[in-house]
Amino acid sequence: MNAKQIDQQTLLREEKDPLTHTPVHLLSLDAVGKHYGNIIALREVTMAVDNGRVTCVLGDNGAGKSTLIKIIAGLHQHDAGVLKIMGEERKFNSPRDALDAGIATVYQDLAVVPLMPIWRNFFLGSELTTGFGPFKSMDVQKMKDITLKELAEMGIDLRDVEQPIGQLSGGERQCVAIARAVYFGAKVLILDEPTAALGVKQSGVVLRYILQARDRGLGVIFITHNPHHAFPVGDRFLLLKRGKSIGYYDKKDITLDELTAQMAGGAELAELAHELEQLGGHTQALKEVQAEVAGVTEVTDVADSSREGSPRHA
Amino acid sequence: MANTATLPPAPASAPGDERIGRRSPIQKFLGRPEVGALVGAVVLFIFFASVSGTFTQPNALATILYGSSTIGIMAVGVSLLMIGGEFDLSTGVAVISSALTASLFSWNFSLNAWVGVLLALVVSLGIGFINGWILVKTKLPSFIVTLATFLMLTGLNLALTRLIGGSVSSPSISKLDGFDSAHAVFASSISIGGVEVKITVFFWIFLVAVASWVLLRTKVGNWIFAVGGDANAARAVGVPVTKTKIGLFMAVGFCGWILGMHNLFAFDAVQSGEGVGNEFLYIIAAVIGGCLLTGGYGSAVGGAIGAFIFGMANKGIVYAQWNPDWFKFFLGLMLLLATIVNLIVKRRAELK
């Protein structure tokens, strides 16, 4: 079973293409690739995002996660494969294009300007205005009110929207960015490593907002390198390694242990053990690594045998 | 009082939460970017008023305001640009380029002075556009780009003036049609209660008002803060970063055009070698006024107060009958003190 077969299984809820009556995804990638000069950053990545579902993209540093979201967010353009929005093939020229198509991205650095007040950040790039022609001015009071209300709905009780956003905690800033995307009618919400710099408690808060956005009917793309954060909230998991997809699973087809094992990369651990062995000495460390390799391969083996025709594709 | 005109607007009182009660209006006021400059301006005013009897007389104040306005008009554009995260080192000579364009063109073809004025506007905006365009295309620091335009314009000013007019000074245009009306627009005085106030003072106040409104109340203002604060973040949320930056350089060009026209029509000729070094005065005014060198923070009113401090120090030394050699020393000291006060006040206010 490959990724395309999964696509047919987990259908968009009730949503059909008006012409062919086949289900379409909110967003889908088919064998998308990208290279910078002669460096291949991403190749043959296939995934889908549906309303009210969370698609997790997992991978270590340099796995191509950032390139993937930059393509979807319109910062870069793919040069192979097909990107479809509601079944329609698209290629974004700028982040504005992607935003207009309903794709909002919450970046790792959050795309907030630290010195600016919260309300100015909230409406940055999409300011509300009143008046005509050259006398058009911002509707400041309305923007402040909306900011307070939207943030309250996400469960953040702010003291003062005039505060520079740089004074908020990491989790709070994350939530402002999510609330902003939700308010501006995002259909697809991309979260780039939202929990990377956060402690356990703050991460929990952010995961709750992810679920809240999902329950509002958004399709969420959650990018992370932590399977423990991805597994509880995700509906689908795409695993990337060195710019390639090493697996695309539905939640019912995979367990947290398998996901972790895939992420940790049993082969790499074995290689590490081999290296240690070659150098000689340090028997204690070697034994530990070997034990770990054994553990990891065991889990992967079990996973493979329990699923005949696993959804893994390389 | 002259300096009441440049007072910042009182911070708006927002209906609040009980948790923000601790932050009193005074603390909010202290958190504004121009506070350091305002304190400096008041201290300097009191100081000169006490050492010189003539300093506070209406005529002297009008002279000080005129001196301030010739810096202040440019400081408006330069402040906005600095908030937008960029520098312009070519402003000083660009002012002269604008004046030379107007005078040489209309003199050479014996045209109405207004034709030259309009051409100068196009050239000034064009210089701003080229600065901005090279900056966004090459992504070089604005220091380098505008240093290059500064040198090129300095050379062009000297070479073209000699080539066309045959001298280091542009030829007199006082006989041309339209000179008198242009003089009335750019270099006349308006009498207020018997005191002759130069028209540039009103241009200055008007520009500060417009710039403040744009900065605080329009979306373009929001974009200016954003491109200066974090250009990548701004781009990611859909702010037209390129257009904003080029627009800012063109706004500086526009301010340069007004000042250039004043320089030309206040007399009837311009020295082609003038203007070098003035760019620093504009930048100093903006920095004293609380604009952050790294961008993203500041105000147009602050730049105006900075220019006013400059004007007071410049003329105050004369009224106090000191040797004007001391002026630069004072300016340096003011710059240092104002920026330190800004820094302390800002940190204090943000911690509260």
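Visitor: Is Leu218(A) buried or exposed?
Guide: In this predicted model, Leu218(A) has 26 other C-beta atoms within 10 Å. A residue counts as buried if 20 or more other C-beta atoms lie within that distance. Leu218(A) is therefore buried.

Visitor: How many Å apart in space are Leu218(A) and Asp50(A), C-alpha to C-alpha?
Guide: In sequence, Leu218(A) and Asp50(A) are 168 residues apart. In space, their C-alpha to C-alpha distance is 7.9 Å.

Visitor: Which residues of the largest nonpolar core touch the most other members?
Guide: This core holds 177 residues. Helix α11 (residues 241-266) of chain B gives the most to the core, with 14 residues. The residues that touch the most other members are Leu189(A), Ala234(B) and Ile309(B).

Visitor: At what angle do helix α12 and helix α13 of chain B pack?
Guide: Helix α12 covers residues 278-288 and helix α13 covers residues 300-319. Their axes are 6 Å apart, and α12(B) passes α13(B) in a right-handed crossing. The angle is about 120°.

Visitor: How many residues of the contact of α12(B) with α13(B) are nonpolar?
Guide: The contact includes Leu281(B) and Ile284(B) of α12(B), and Ile309(B) and Phe310(B) of α13(B). Of the residues in this contact, two are polar and none is charged. The number of nonpolar residues is eight.

How values were computed. Residues numbered from 1 in each chain as written. Chains lettered and ligands numbered in written order. Predicted model: local features only at pLDDT ≥ 70, side-chain atom pairs only at ≥ 80, totals over all residues. Axes fitted to C-alpha atoms, helices over the stretch in contact; angles between N-to-C directions. Helix = DSSP H or I, 4+ residues; strand = E, 2+ residues; numbered from the N terminus. Left-handed = near helix turned anticlockwise from the far one by under 90°. Contact = placed C-beta atoms within 7 Å. Nonpolar A, V, L, I, M, F, W, Y, C, P; charged D, E, K, R; others polar. Core = buried A, V, L, I, M, F, W, Y, C linked by C-beta atoms within 7 Å. Buried ≥ 20, exposed ≤ 12 C-beta atoms within 10 Å, placed from the backbone.
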